[in-house]
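Visitor: I would like a short tour of this protein model. Please keep it plain.

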Amino acid sequence: AEAIGLYNLGQSCCLNSLLQVFLMNIRFTRILRRITVPSSPAQRRNNVPYQMLLLLEKMQCGKCKAVGPTDLAYCLSEHRVKLFVQHDAAQLLLTLWNLLKKQMKKPELVVELNDLYMICIQEHLACQKCSFEIKSISTMLTLPLPVLDANSHRLKTLEDCLQYFFHPEELTGQNMCFCQRCGRKTAFLQSMKLVHLPQTLTLHLKRFCFERSSRTHKLSHSLPFPQELDLREVLTEDQCQADDSEKAAWQYELFAVVAHSGSTSCGHYCAYVRSLTEHKWYCFNDSEVCQVSWDDVKCTYGHSSLYWRETAYLLFYMKKHPQ
């Protein structure tokens with residue numbers, strides 16, 4: 001009795017989908033089970049990790065096919081996460097993540113949480129006139145991958161999106177940077193190098209495109225993603241700032257897909273998750289849960305002419321050989 005649904009509380013499909021992806025990740029639930037239980041009832045009510053743990057236990061008692069995430073939803077509303085509104089899954093994921101981290105009191109659990117999800121990247125800026133360069137390290141929860149290139153051409157596969165994300169970009173014209181050595185604004189080359197990848201790698205396909213007319217539209221063209229992803233094969237040597245033992249662990253297997261259907265103003269989310277214990281795929285559509293095949297998951301690749309159909313929006317990959 002592993003796959004349990006979550007009742008929709010009124011536009012809570014986005015939250016439900018993300019909760020399923022968190023709670024089906026055994027590495028995450030191992031961390032969650034070791035949290036400190038807050039001492040007072042008021043603190044317990046407002047503690048996101050604790051409310052997630054209670055929900056997990058409710059889902060695992062195995063008495064019902066679905067449970068209501070009501071207490072957790074009200075706990076989130078205390079932290080300014082609105083109820084009964086349309087959420088964007090990528091933004092809500094970041095909000096949940098920040099609350100989890102802030103409220104996990106044990107420092108060692110925060111470290112483990114970071115190891116589980118945080119991506120580390122070196123940003124590199126080099127002046128094209130002299131040898132001046134700036135390097136900075138940044139961490140991110142997701143890689144926000146464009147699905148179109150700079151000329152608005154469609155990128156064909158997930159691998160293309162990853163290569164495009166790490167492709168050096170010339171900053172010229174209005175985007176020029178001030179060079180301390182030249183003493184003026186010059187053209188720079190901006191490049192990203194991958195330093196470290198986590199156990200669970202989250203990729204955000206930027207399918208929602210904000211137009212100047214302030215109307216958002218969805219890019220729903222077909223974009224295949226693989227079940228197995230080896231980032232050593234996708235990226236070049238220059239795009240990696242990592243040693244061989246780090247790179248050896250860059251082999252991933254797809255673990256979950258959060259898919260969006262409908263239009264941007266009136267859409268619906270559901271999650272496809274591969275059970276880490278049974279190795280079967282499940283579709284979590286609020287309170288409805290059913291076993292599906294890889295072919296069903298592939299239906300979320302997208303389709304140009306059927307833009308209201310389901311398209312993958314967040315992809316979660318899991319390390320095949322964790323160190």
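Guide: Asp295 and Lys298 both sit in helix H11, three residues apart, about one turn of the helix. Helices (H or I, at least four residues) and strands (E, at least two) are DSSP runs, numbered from the N terminus. This is a predicted model, where local features need pLDDT of at least 70, side-chain atom pairs count only at pLDDT 80 or more, and totals for chains, interfaces and linings use all residues. Residues are numbered from 1 along each chain as its sequence is written, and side-chain values use heavy atoms, with hydrogens and water left out.

Visitor: How far apart are the closest N and O atoms of Asp295 and Lys298?

Guide: The two residues form a salt bridge. That term means a side-chain nitrogen of Lys or Arg within 4 Å of a carboxyl oxygen of Asp or Glu. For Asp295 and Lys298, the closest N and O atoms are apart by 3.5 Å.

Visitor: Does Lys247 count as buried or exposed?

Guide: Lys247 meets Glu237 in a salt bridge (3.2 Å, N to O). Buried means under 20% relative accessible area, exposed over 50%, partly exposed in between (1.4 Å probe, protein chains only). Glu237 has 61% relative accessibility and counts as exposed. Lys247 has 10%, so this residue counts as buried.

Visitor: What kind of aromatic pair do Phe165 and Phe166 form?

Guide: The structure holds 11 aromatic pairs. Rings of Phe, Tyr and Trp (its six-membered ring) pair if their centres lie within 6.5 Å; planes under 30 degrees apart count as stacked, over 60 as edge-to-face and the rest as tilted. Phe165 and Phe166 have 5.1 Å centre to centre and 80° between the planes. Their pair is edge-to-face.

Visitor: What is the relative accessibility of Phe166?

Guide: Phe165 is buried, with a relative accessible area of 13%. Phe166 counts as buried too. The relative accessibility of Phe166 is 0%.

Visitor: How many residues apart in sequence are the parts tied together by Phe225 and Tyr301?

Guide: The ring centres of Phe225 and Tyr301 are 4.8 Å apart and the planes stand at 80°, so the pair is edge-to-face. Phe225 lies in the loop between strand E12 (216-218) and strand E13 (228-230). Tyr301 lies in the loop between helix H11 (294-298) and strand E18 (311-319). So the separation of these parts in sequence, in residues, is 76.

Visitor: Which residues do ring pairs link into a cluster with Phe22?

Guide: Ring pairs are set by the distance between centres. Through such pairs, Phe22 is linked into a cluster with Phe28, Trp97 and Tyr117.

Visitor: Which residues does Val81 touch?

Guide: Val81 is in the loop between helix H5 (70-78) and helix H6 (89-103). Val81 is buried, with a relative accessible area of 9%. Contact means heavy atoms within 4.5 Å. Not counting residues up to four places away in sequence, Val81 touches Leu76, His87, Leu92, Thr95 and Leu99.
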